[in-house]
Amino acid sequence: MANKTIKMTTAQFAKLHEVNKRTLHYYDNIGLFSPSAKGDNGYRYYDVSQSITFEYIRMLKELNMSIEEIADYCKNPTSEKFLQIADMKEAELDLEIQKLKRTKKILRAKKEQVRLCENLSKQEIRIEECNAEKISVLPYDFLNDDISQIFSYLKDNWNIEQIRMGIGSFISLDKVINKTFEQYDGIYTYTLDKTTLSNIVIKPKGKYLCGYQKGAWDKAPIMYENMIEYAHQNKLSLTGYAYEIGLNEVAISSPEEYVTKFMIKIKE
């Protein structure tokens, strides 16, 4: 049976591929992709068989190739050129997939934190079982309150995705007990998978005395005082560092809604 071509107007072809007619006119004008025939009425017609070629052009554009690069390839396509492009774009896609996975992990973590904050009272203290977690740590004492300097310091040491994961601080238990909060020991973030960061340590698995405080960060000394008293009353022995981290900074409109989580490991 003889093959029968199906001719389509620009409007029909555009509708089939869900693109604007102006895109087809532009591609035609620059010689990238043109209709296969011109009718006696002066109208230009696309052949349905051109659809695959058009979709490959769209795919290359979606892979961030410029129109000029695509046009240059389409003028003289070869196996060698295609394989070079395919190898390069496959590597770029692998990097993008890893980036999207990290972004998804950040979103999931933030969702869990925000949902937790919705049901908290003004202040809560409780014992929680925590898994071992990788954290990336940096020395920082908070003696300088210049937020811009802190962010510059973080950018010099961590990538932006790691910063988006959330930034916490830690202080020795001795300083907490002695109520000397002027100088912290450092800052930390929960480490994303396949990171190249240095200074990674393990926040140990086990039971932690956890405090949740709503309001400005300067209320931390009061929370620590209450946690130490709670540990004394319940005959809990504490160890290591006290960790602090904000949970809902992306989902509040007032500082009074800000929730800080405090964690101190219980010695077992």
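I'll start with a loop. Glutamate 18 sits in the loop between α1, residues 10–17, and α2, residues 21–29. This is a predicted model, so please hear everything that follows as a description of a prediction.

As background, most residues other than glycine have a negative phi. Is glutamate 18 buried or exposed? Its relative accessibility is 71%, and the cut-off for exposed is over 50%, so glutamate 18 counts as exposed.

Now the other residue on my list. Lysine 235 is placed in the loop between α9, residues 220–233, and β10, residues 238–246. Phi of lysine 235 is also positive, near 55°, and again the residue is not a glycine. Lysine 235 counts as exposed because its relative accessibility is 76%.

Next, the sheet. How many strands does this open sheet have, and in what order? There are 3, in the order β1-β3-β2, and the pairing is antiparallel. The edge strands are β1, at 7–8, and β2, at 37–38; each of them pairs on one side only. In general, strands of a sheet pair through backbone hydrogen bonds.

One pairing in detail. β1 and β3, the latter covering residues 44–47, run antiparallel to each other, with 2 bridges between them. Which residue of β3 stands opposite methionine 8? That is tyrosine 46.

Methods:
Residues numbered from 1 in each chain as written. Predicted model: local features only at pLDDT ≥ 70, side-chain atom pairs only at ≥ 80, totals over all residues. Heavy atoms only, no water. Pairing = 2+ DSSP bridges. Helix = DSSP H or I, 4+ residues; strand = E, 2+ residues; numbered from the N terminus. Buried < 20%, exposed > 50% of the residue type's maximum accessible area, 1.4 Å probe, protein only.
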